[in-house]
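Hello,

Here is the structure I promised to pass on to you. Please open it next to this email, and then read on for what turned up in it.

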Amino acid sequence: MKKALLIADRNSVARAINSAYQKIRNTIPYDITITAAAGPLMDLCGPKEYDNTWEELSPKSKLPLFPEVWKTKVIPYASKYYNNIKALWDSGKYEIIINAGDPGSEGQLIQSYIYKSIGVNVPILRLWIDDLSFDSIQKGLENLKDNSEFIKMEHAAHLRAYFDWLVETNYTKAASLSLGRPVIIGSASTPTLTMVVSRHLSIQNFTPVNYYELKVQFRGAKGTYEGKMLNPNADESYPSPYAFANTDNLKTYMRLVGNSAFVSFVENEEVKEYAPRLFNLSDLQMEGSAKLGMSPTKVLDIAKTLYDKALISYPITTNRYINSDQKSKIVKIIDALNRDGVKFADRVTNADIERVFNQGNYTSDSNQALGNAIIPTGIKADVVAEEKQVYDLILRRFISIFMKPQTYWNQTITTCSGDMEFGSRGRKIIDLGYRELYPDNLDNALCDIEESETVYVEGKDIIPNTTTPPKNYTYSSLIEDMDTADNLTDEETNQAAGSLGTPDKRGKIIDSLISCGYLTRDGKDIFPTGEGIELIMLLKNEDLVLPQNAREWDRKLQGIENGTESEKSFSNTMISYVKSTTQKLLSLPKAGMYKAKIGKCPKCKENNFFELHSIYACEGRESKTCDLSFPKTIGGAMLTHEDVSLIIRGKASNVKTIRLNDGSKVKARLSLTPEYKIGFSKNIVGKCPICGKNILEGKSGYYCEDFKTDPNEGCSFSVYGKVGNTTVVSYQATQIFQYGRTKSAYKIVYKSGKEFTGYITCRKNEEDGNYWFTAVSEVGDICECPFCKSGRIREAKNIYTCSNRGECCDFCVPKKISKTLISYDDLKQLLDGGTVKKKIIFKNKTCANKTLRLIKDSEGNYKYTWSK
């Protein structure tokens, strides 16, 4: 029996393979020794390893740099693993090598580096498995492939690595020499920076336009609904078909609206919405960022851990489908999930699985080398908190494809009053279908209205609006735009268009742009720094900054992988392109070190204060006449040019999310202390329940920023910062004002010495109207349900509902109206038949003071309604 050396990507994979191999070794025609690398064990050598003079900024005459032969090196932390592999190979016992690298181009690349370095000269077989379950490993070992089947993928990976090296090394050196400042240029990172700069400038240059809409509330036989007047002159240049440029005509129209109106058109268009396709890595990163607030890099790290635990298939994939021959595997996974009590897995029948494979919406064999989409393996999960969150996303997406589509009506009503037409649109859910898996399904259904019905006017108002600029990028939207081209097809070639970076590198690209000072984050928003904007402006005439240029190179590399592009042609074009672009960069005009004036130094009051490459500092720092400087990052939060401009003028920065030493996070403004240090300004913990403005942290409690002792002059909201002897700290207050209570229970110690463990909430004293912190033992338990009389009104994640819902009571309302929280006290007052005055903050950031009440419509649904 031939001896084979199997090299896995890392120890966890080696252990899983070895465990399976020991059970089936009698069926495998090789005597296998199993060892492991350490992930990326080797990499291309840096410039210094080729020539000592290449390390520093080379003389212009030496550029561009082209290695005659590409060399690799062992990454220092992985030398132990490399030496072990080399010792095994050097023993001379092995006639076969089994490549058990990760199933993708990066796995092929890493293994090829190892084989070349240790001098492998025997046949190489490929163990290609989608996951680390026993069944997959057994199937893979019993069906080993020839490594040459993946040679195109391997060559494309090599060329991508060479291209990235040549671009970063030559362009960075050439631009740094010419500009007279250190810069970093990357084949994918610089075009990504261009996208963010372009978005930022479009926001800065955006001119808001005011417009107005006439809204009328109608009452029909079975309920009320709102309609907006259609502007007969509105075209594509208008923000909406209901928009009017001024109020002059609208005031006339409003006077003409009579006491009754006529329903001229009613349509309920049925729509079936199927579950989205399965996750690939980019989709999972976008979802993890949007839903869980995680960075793409963190989502990838967690997904790799889940893979190593054999819980999911290999996560670094661009595929969103499963192969059509895997029906039996999917049946086993569903059965396993069902046995483990995974929610909704018991709903999936064999007929549902059959339907998925017959319809083909979620199956494809177009490129089996991509592996599966990311799916669970069915192995019982042993996960910790954040792993559970990502695993749950994958589970839900997987189960959803076997469930029915969501069915809803797109509702349209046209109501006429004289010559005026009013449009109303709603969405009524008929069957939740797969959306049962997700807790955000409150519809905005219109009441039942018949065509030709006469309705009555209950109220009318002119609503001011303003057009809004594009949104700042977030991790999720930036990953989406970097990846978008993966979903497109070039019309001329009918080939997949390129993207920016490979899926596993995109998160690192964004993080590297942040770490080198070209991008910054504020909460979820990502935007360019002054230095990042200036770099793109300096390079704006070079095609290396253009995203479409980078996508074209990526498309060619994909073509090499699938055999439609020539490797030699790519290589020649690459060398020519790098040479010509390097020469262009060498002729850039000198710009000098990055230095952006902010204002006068607040300490010496003589010199100017500047933003530099890595710090903010007084220009007197060079002459040692003033030592004032600030770091660019504090507690994980980036200080922007605008923030420092505010701080040096004695004001507070914009709100920042600061990570404290204990790992907790607080939202706060930063300001200059008397000692000229950066310190906390007034800490913002939430929105005032009375007026909607910011709640600030004070010495002994919390208060509205518009607080006045006389409520006629301002807002009266304040709350003492203790429950008994227990202080309510700022991060707890933030949770209370955002979610209605703390996320965790805390031990409360009262003055009497008694202790109580509960969730801290803020309540209003009905007698004197003052607010106070208190603790409750049962999460979300508010009061007895006034409708069924036997249930309890309780808080869920996004809703308030009766504990008897689905049995004898249908009460359910959302916790928020747009962005405005309906608190426990608000709800209790509404349940008692009263009204609540709230400042409603809409998604377009407009605000309106409304008087809320709770109603039950003709269909038995509970809703908030309001008047001005």
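Leaving aside neighbours within four places in sequence, which residues is Leu41 in contact with? They are Lys73, Val74, Ile75, Ala78, Tyr81, Tyr82, Ile85, Ile110 and Ile114, where contact means heavy atoms within 4.5 Å.

Before going further, a word on the ground rules. This is a predicted model, in which local features need pLDDT of at least 70 and side-chain atom pairs count only at pLDDT 80 or more, while totals for chains, interfaces and linings use all residues. Residues are numbered from 1 along each chain as its sequence is written, and side-chain values use heavy atoms, with hydrogens and water left out.

**The cores**

Leu41 and Ile114 touch the most other members of the largest nonpolar core, which has 79 residues. A nonpolar core is a set of buried Ala, Val, Leu, Ile, Met, Phe, Trp, Tyr and Cys residues joined through side-chain atoms within 4.5 Å; buried means under 20% relative accessible area, exposed over 50%, and partly exposed in between (1.4 Å probe, protein chains only). Helix α6 (residues 151-179) gives the most to this core, with 13 residues. (Helices are DSSP runs of H or I, at least four residues, and strands are runs of E, at least two, numbered from the N terminus.) There is also a second, separate core of 70 residues, and Ile137 is one of its members.

**A helix pair**

Helix α1 (residues 11-24) packs against helix α5 (residues 134-142) at an angle of about 70°, with the axes 9 Å apart. Axes here are lines fitted to C-alpha atoms, for helices over the stretch in contact, and angles run from 0 to 180 degrees between N-to-C directions. The two helices are therefore roughly perpendicular (angles under 35 degrees count as roughly parallel, over 145 as roughly antiparallel, 65 to 115 as roughly perpendicular and the rest as oblique). On the α1 side the contact is made by Ala16, Ile17, Ala20, Tyr21, Lys23 and Ile24, and on the α5 side by Phe134, Ile137, Gln138 and Leu141.

**Backbone details in the loops**

- The peptide bond from Leu63 to Pro64 is cis, with omega near 0°; Pro64 sits in the loop between α2 (47-50) and β4 (72-74).
- Lys605 is not a glycine, yet has a positive phi of about 60°. Lys605 lies in the loop between β17 (596-600) and β18 (608-611) and is exposed, at 58% relative accessible area.
- Lys624 also has a positive phi, near 60°. Lys624 belongs to the loop between α19 (620-623) and β20 (629-631) and is exposed, at 76% relative accessibility.

Enjoy looking around!
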